[in-house]
Amino acid sequence: MAEVIQISQISKQNNFPQLYFDIANENHFWCRWRFEVFWKLILSKNIPVSEPLRILEIGCGNGIVRKQIESHSSWITDGTDLDISGLQKNPSLRGITYLYDIYEQKKEFAQKYDGIVLFDVLEHIENPTQFINTIAFYVKPGGWLFVNVPAGEILRSAYDNIQGHLRRYSKKLIKKEFQNSEFQIRKLVYWGMSLIPLLLLRKLILAFTGEKDIYRTGFQPPSALFNTIMILLMKFETSIMKNCCCGASLFLIAQKNG
């Protein structure tokens with residue numbers, strides 16, 4: 001496991017569901033699907049993957065995305081989070097693992113990074129516009145921001161509530177939050193259109209599920225066979241559907257001015 005460098009003093013208990021770190025892994029169909037979408041978009045924008053770009057993943061959790069990135073590129077991925085239990089599960093990688101509150105904006109991190117990875121974090125933030133402006137402090141002029149968020153309020157279920165999602169996004173909403181930022185949106189796409197029926201079914205099932213079982217029922221694949229079928233569905237959708245009109249999630253690539 002990675003050594004965790006503690007920079008910030010965390011005074012309150014993190015309420016993120018710890019079960020997520022046990023269920024989420026590189027073979028989980030949703031984790032693979034999200035990364036597949038991300039990597040295809042990276043390649044389509046000709047962002048160099050064979051150069052040792054310095055990347056920071058904010059909200060890195062147990063380090064799955066960092067591991068995926070480093071296994072596919074020469075990038076060096078630092079990671080930061082406020083949840084020590086998740087950070088302690090990070091694998092040893094080329095980058096550094098921090099327990100750090102990004103609002104502190106320590107000067108040693110100013111414009112340090114070629115890119116920021118922000119996967120399924122923004123929906124937890126009470127003031128997203130302020131958060132986006134805070135992130136700009138860490139990015140070099142011309143650097144990149146990679147954002148994934150859940151999409152479609154109609155898909156909101158008890159799982160979103162227990163996960164701490166304050167909102168599910170539309171293109172219109174996320175564009176609004178970037179309007180007064182230092183970033184220009186370069187790509188904005190829905191993905192996981194074929195996941196929509198599954199999420200609607202999840203919404204129905206969880207309406208009749210006890211609170212203690214909501215998280216596992218809402219996120220854990222019911223069997224290895226189901227997970228394999230979903231991975232095959234992912235391969236089909238990502239190879240056939242290049243620009244979904246809707247989806248279970250929304251992916252954004254933005255570039256810092258300058």
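Leaving aside neighbours within four places in sequence, Glu70 touches Trp75, Ile76, Thr77, Leu93, Arg94 and Gly95. This comes from a predicted model, as does everything that follows. Glu70 sits in helix α3, which covers residues 64-72. Its relative accessibility is 9%, and because buried means under 20%, Glu70 counts as buried.

Eight strands are arranged in an open sheet, in the order β1-β4-β3-β2-β5-β6-β8-β7, and the pairing is mixed. Strands of a sheet pair through backbone hydrogen bonds, and the pairing may be parallel or antiparallel. Which strands stand at the edges? They are β1 (4-6) and β7; each has a single partner strand, so one side of each has no neighbour in the sheet. From one strand to the next, the twist averages 20°.

On one side, β6 runs parallel to β5, and 6 bridges join the two. One of the residues involved is Val117, whose bridge partner in β6 is Phe146.

Next come the helices, with α2 as the example. How far apart are the end C-alpha atoms of α2? They are 22 Å apart, and this agrees with the 22 Å that its 16 residues should span at 1.5 Å a residue. The buried residues of α2 are Phe29, Trp30, Cys31, Trp33, Arg34, Phe35, Val37, Phe38, Trp39, Leu41 and Ile42. An α-helix has 3.6 residues a turn, so residues three or four places apart point the same way. Just after α2, Asn46 has a positive phi of about 60°.

Two further residues have a positive phi. Gln111, which is not a glycine, has a phi near 50°. It is found in the loop between β4 (97-99) and β5 (113-119). Gln111 is partly exposed, with a relative accessible area of 43%. Asp120 is not a glycine either, and its phi is positive at about 55°. Asp120 lies in the loop between β5 and α5 (128-136). With 17% relative accessibility, Asp120 counts as buried.

The last topic is the aromatic rings. The structure holds 25 aromatic pairs. Take Tyr20 and Phe219: is this pair stacked or edge-to-face? The ring centres are 5.3 Å apart and the planes are at 25°, so the pair is stacked, since planes under 30 degrees apart count as stacked. Tyr20 belongs to helix α1 (residues 19-23) and Phe219 to helix α9 (residues 211-219), so the pair ties together parts that are 199 residues apart in sequence. Tyr20 is buried, with a relative accessible area of 12%, and Phe219 is buried at 9% relative accessibility.

Another aromatic pair, Trp30 and Trp191, is tilted, with 6.4 Å from centre to centre and 35° between the planes. Trp30 lies in helix α2 (residues 29-44) and Trp191 in strand β7 (residues 183-191), so this pair ties together parts that are 161 residues apart in sequence. The relative accessible area of Trp30 is 16%, which makes Trp30 buried. Trp191 also counts as buried, at 2% relative accessibility.

These residues can also be seen as a group. Tyr20, Phe21, Trp30, Trp33, Tyr159, Trp191, Tyr215 and Phe219 form one aromatic cluster. Among them are both partners of the stacked pair, Tyr20 and Phe219, and both partners of the tilted pair, Trp30 and Trp191.

Note on methods:
Residues numbered from 1 in each chain as written. Predicted model: local features only at pLDDT ≥ 70, side-chain atom pairs only at ≥ 80, totals over all residues. Heavy atoms only, no water. Phe/Tyr/Trp six-rings, centres within 6.5 Å; stacked < 30°, edge-to-face > 60°. Helix = DSSP H or I, 4+ residues; strand = E, 2+ residues; numbered from the N terminus. Buried < 20%, exposed > 50% of the residue type's maximum accessible area, 1.4 Å probe, protein only. Expected span 1.5 Å × (residues − 1). Pairing = 2+ DSSP bridges. Contact = heavy atoms within 4.5 Å. Axes fitted to C-alpha atoms, helices over the stretch in contact; angles between N-to-C directions.
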